[in-house]
Amino acid sequence: PISQTADYDVPDLPAYARLTSAQERDAEGAGQWERDWTAWAGRKANETPLLFHQAAGLCLAGTAIGRRLYVATHWGEDVHPNFYMMIVAISTYFHKTTSLRLVDKMLQRTMPHMHLPEPGSPENLLAQLAGNLDLLENMHTRDKDRYRKGLTRFAGQRLIVRDELSGLFRSMGKDYMAGMKERIMQMYDGSDELPVSTNTKGILIVRETALSIIGTTTPAGLSAAVTAADWRDGSLARFVLITPE
């Protein structure tokens, strides 16, 4: 119910869009992993807002699922559980990086092959998502098996974890990162197959895309890194912006 004295007017949901009592009861048993994660992370990092932990849990769960579950919409799109999440809060006080470290630790301990190294260029991002095994050429033997599994089986469904995510937006203005914004926007939509012709790596085919990104930044860092165009062109619209309660 909305208070009559509220400053905004939100109409009631039409009857056909409301959950039934049976559906509400069924929903009580859903999402238990996220609740367990949020409670565990909240004990580990008890000065971090629970909303940060909840967002991180949803991102991890979506990464683990990859494209194996989806919502079939009536307009013909299959919506997969990949997320772009940006935790935005001032430094030190909200311990946002602590929350991100828990994500990184969980990822490394349970599904390290789902970690996507930070891309150095749009072409490098495409090569990683296409599963180009040439990327393993100069890698240490102890790391090759882990990344080979990611490149051969889950190339397009991995997760980027990055502190100071605003740096990614700042770098998009540099020549060697030209086109990165468009690629990130493109990968969010989860195409079944995306063939791209590149200058140095030939034709790369990204299949079954479900890229996820989670990172942190400060309001000042975000303000300095983005412009009004980033809101208008849809790049920031793809990110869930998480702020303290």
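**Exercise 1.** Determine the strand order of the open four-stranded sheet in this predicted model, and identify its edge strands.

*Solution.* Step 1: the four strands are arranged in the order 4-7-3-8, and their pairing is parallel.

**Exercise 2.** Describe the pairing of strand 4 with strand 7, and name the bridge partner of arginine 162.

*Solution.* Step 1: strand 7 comprises residues 212–217 and pairs with strand 4 in the parallel sense. Step 2: four bridges connect strand 4 and strand 7. Step 3: arginine 162 has glycine 215, in strand 7, as its bridge partner.

**Exercise 3.** State which strands helix 3 touches and what angle its direction makes with that of strand 7.

*Solution.* Step 1: helix 3 packs on the sheet, where it touches strand 3 (84–88), strand 4, strand 7 and strand 8. Step 2: the direction of helix 3 makes about 160° with that of strand 7.

**Exercise 4.** Locate threonine 63, decide whether it is buried or exposed, and list its contacts.

*Solution.* Step 1: threonine 63 belongs to helix 3, which covers residues 50–65. Step 2: its relative accessible area is 1%; because buried means under 20%, threonine 63 is classed as buried. Step 3: the threonine 63 side chain reaches the backbone oxygen of cysteine 59 at 2.9 Å. Step 4: leaving aside residues up to four places away in sequence, threonine 63 touches Met111, Met114, Gln157, Leu159 and Ser212.

Technical notes
Residues numbered from 1 in each chain as written. Predicted model: local features only at pLDDT ≥ 70, side-chain atom pairs only at ≥ 80, totals over all residues. Heavy atoms only, no water. Helix = DSSP H or I, 4+ residues; strand = E, 2+ residues; numbered from the N terminus. Buried < 20%, exposed > 50% of the residue type's maximum accessible area, 1.4 Å probe, protein only. Polar contact = N/O pair within 3.5 Å; in protein donor to acceptor, adjacent residues only side chain to side chain. Contact = heavy atoms within 4.5 Å. Pairing = 2+ DSSP bridges. Axes fitted to C-alpha atoms, helices over the stretch in contact; angles between N-to-C directions.
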